[in-house]
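Please consult the sequence and structure shown below while reading.

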Amino acid sequence: MENYHINTICVQGGYEPKNGEPRVLPIVQSTTYKYESSKQMGDLFDLKESGYFYTRLANPTNDAVADKICKLEGGVAAILTSSGQAANFYAIFNIADAGDHVIASSAIYGGTYNLIANTMKNMGIEATFVDPDISEEELESKFKPNTKLVFGEVISNPSLQILDIEKFAKAAHKHGVPLIVDNTFPTPVFCRPFTWGADIVTHSTTKYMNGTANAVGGAIVDSGNFDWTKYSEKFPGLTSPDETYHGTVYSKSFGKAAYIVKMTTNLMRDLGSIPSPQNAFYLGVGLETLHLRMERHYENALALARHLKEHPKVSWVSFPGLENDSQYALAKKYLPKGSCGVISFGIAGGREAAVQFMDSLTLAAIVTHVADTRTCVLHPASTTHRQMNDEELMAAGVSPDLIRMSVGIEDIRDIIADVDQALEK
């Protein structure tokens with residue numbers, strides 16, 4: 001499957017049935033797996049053999065879907081998690097411990113900001129947040145001897161700022177640490193961050209990858225490109241013996257898959273944020289049409305953005321596909337085929353007018369969710385980002401009047417008509 005194009009991998013990647021096996025990926029809804037001898041089971045626990053013994057660590061259905069996502073991103077190993085939040089937490093916590101430091105873009109999802117700024121701070125991990133437009137020189141000055149990684153979102157939620165992946169990757173690698181990027185909004189259909197220097201990619205698969213809002217989930221993909229042994233003093237968890245697994249050295253025993261194997265054997269073992277096989281199955285079905293849906297999402301969003309741009313009751317519109325948008329140049333570089341289906345805009349009249357607009361919509365629903373087949377709308381400052389103060393909101397690119405609309409794959413004429421009638425109320 002590695003030699004096939006993305007569209008084909010979406011449909012057939014990850015699961016290749018043998019003669020007489022089910023054509024559709026089976027749901028292995030079992031917590032445990034039977035073996036004929038205690039030695040076989042012991043070898044699995046000692047990591048001497050690969051296989052399944054408890055679904056908290058691994059499951060055939062989950063692994064097949066993870067492998068599809070891995071192939072879509074062009075990585076070497078991947079794992080599914082129970083949510084996008086779990087994916088970002090695991091991706092960072094796998095290589096950052098108490099006393100360590102991380103650098104993160106300030107333009108990220110509010111929940112992720114809170115995870116890094118507060119929850120991980122309580123765990124002893126310090127963070128420095130930087131504007132994605134930061135100069136290379138200033139970015140260089142933010143690194144410390146105990147910096148372990150750099151984190152950002154390819155397209156930020158909800159401000160739609162595009163990360164200059166090459167700039168952040170260059171700085172990270174100069175200081176011997178990996179760049180982790182959340183690729184939820186563009187998906188690998190529109191952007192493959194590994195080609196631009198990112199080392200690890202995360203996803204909230206709850207969004208476009210699933211596409212139907214029926215299962216929460218996350219994914220982490222490792223490119224296999226970061227040389228952990230070169231910076232072994234920074235990453236002892238990967239390059240020194242793990243006494244909980246009889247002295248296994250992950251970088252030595254598992255090579256390019258070391259990062260994901262350590263995550264499986266340590267974080268999944270101890271924290272257990274594994275998705276149910278049923279949810280993984282839903283995700284796998286959604287992925288089969290990802291390439292088709294992303295094209296329609298973007299096509300509809302661009303048409304609506306152009307329409308809103310000319311509407312007298314809309315004060316501003318942010319969408320990377322608009323030629324006069326501040327993110328257009330970066331979009332042309334990193335996202336030449338499209339960005340996503342999410343638009344941010346402001347209603348003339350501010351917060352009260354925004355609430356009136358949302359309450360007047362009939363086709364688009366007010367929901368916390370974003371990025372599925374149905375058009376939906378949200379006011380982030382009072383919902384997803386409500387834990388931020390005004391200063392933090394502005395740093396994240398979230399103004400009080402910002403409306404986030406996730407444009408679905410309905411007929412664009414109906415979407416525009418609904419927006420127009422709501423603006424007239």
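A residue is called buried when its relative accessible area is under 20%, exposed when it is over 50%, and partly exposed in between (1.4 Å probe, protein chains only). The model is predicted: local features need pLDDT of at least 70, side-chain atom pairs count only at pLDDT 80 or more, and totals for chains, interfaces and linings use all residues. Residues are numbered from 1 along each chain as its sequence is written, and side-chain values use heavy atoms, with hydrogens and water left out.

- Helices (H or I, at least four residues) and strands (E, at least two) are DSSP runs, numbered from the N terminus.
- Two strands count as paired if DSSP finds at least two bridges between them.
- An open sheet of seven strands has the order 1-7-6-5-4-2-3, with mixed pairing.
- Strand 1 and strand 3 (126-130) each have a single partner strand, so one side of each is left without a neighbour in the sheet.
- From one strand to the next, the twist averages 20°; axes are lines fitted to C-alpha atoms, for helices over the stretch in contact, and angles run from 0 to 180 degrees between N-to-C directions.
- Strand 2 (residues 101-105) runs parallel to strand 3 and is joined to it by five bridges.
- Alanine 104 has phenylalanine 129, in strand 3, as its bridge partner.
- Helix 3 (residues 60-73) lies across strand 1, strand 6 (200-204) and strand 7 (218-222), at about 125° to strand 1.
- Helix 11 (residues 258-271) also packs on the sheet, where it touches strand 1, strand 5 (179-182), strand 6 and strand 7. The direction of helix 11 makes about 30° with that of strand 1.

- Five strands form an open sheet with mixed pairing, in the order 8-9-12-11-10.
- The edge strands are strand 8 (314-318) and strand 10 (365-366), each of which pairs on one side only.
- Two bridges pair strand 10 with strand 11 (residues 376-378) in the parallel sense.
- The bridge partner of alanine 365 is cysteine 376, in strand 11.
- Helix 15 (residues 350-360) lies across strand 9 (342-347), strand 10, strand 11 and strand 12 (402-406), and runs at about 125° to strand 9.

- On a 1 Å grid over the protein atoms alone, a cavity is a set of points where a 1.4 Å probe fits but cannot get out, and a pocket is an open set with protein on both sides within 12 Å along at least five of seven lines; lining residues have an atom within 4 Å of a point.
- Grid points are joined across faces, edges and corners, and a volume is the space filled by probe spheres set on the points.
- One cavity of 30 Å³ or more is found in the whole structure, and the largest cavity has a volume of about 60 Å³.
- Its lining residues include Leu80, Thr81, Thr205, Gly217, Gly218 and Leu283.
- Helix 12 gives the most to this lining, with three residues.
- The lining of the largest cavity has six nonpolar, five polar and no charged residues. Here Ala, Val, Leu, Ile, Met, Phe, Trp, Tyr, Cys and Pro count as nonpolar, Asp, Glu, Lys and Arg as charged, and the others, Gly among them, as polar.
- Threonine 205 lies in the loop between strand 6 and strand 7 and is buried, with a relative accessible area of 3%.
- Beyond its neighbours within four places in sequence, threonine 205 is in contact (heavy atoms within 4.5 Å) with Ile69, Asn210, Gly217, Gly218, Ala219 and Leu283.

- The largest pocket holds about 780 Å³ of space.
- Among the 35 residues that line the largest pocket, Ala58, Asp63, Ile260, Val261 and Thr264 are the closest to its centre.
- Helix 3 supplies the largest share of this lining, six residues.
- The lining of the largest pocket divides into 21 nonpolar, eight polar and six charged residues.
- The second largest pocket holds about 300 Å³. Of its 18 lining residues, Val11, Tyr15, Arg23, Leu25 and Glu288 lie nearest its centre.
- Helix 1 (6-12), helix 3 and helix 12 each give two or more residues to the lining of the second largest pocket.

**Aspartate 164**

- Aspartate 164 is placed in the loop between strand 4 (147-153) and helix 7 (165-174).
- Aspartate 164 is buried, with a relative accessible area of 17%.
- Leaving aside neighbours within four places in sequence, aspartate 164 is in contact with Leu330, Lys333 and Tyr334.
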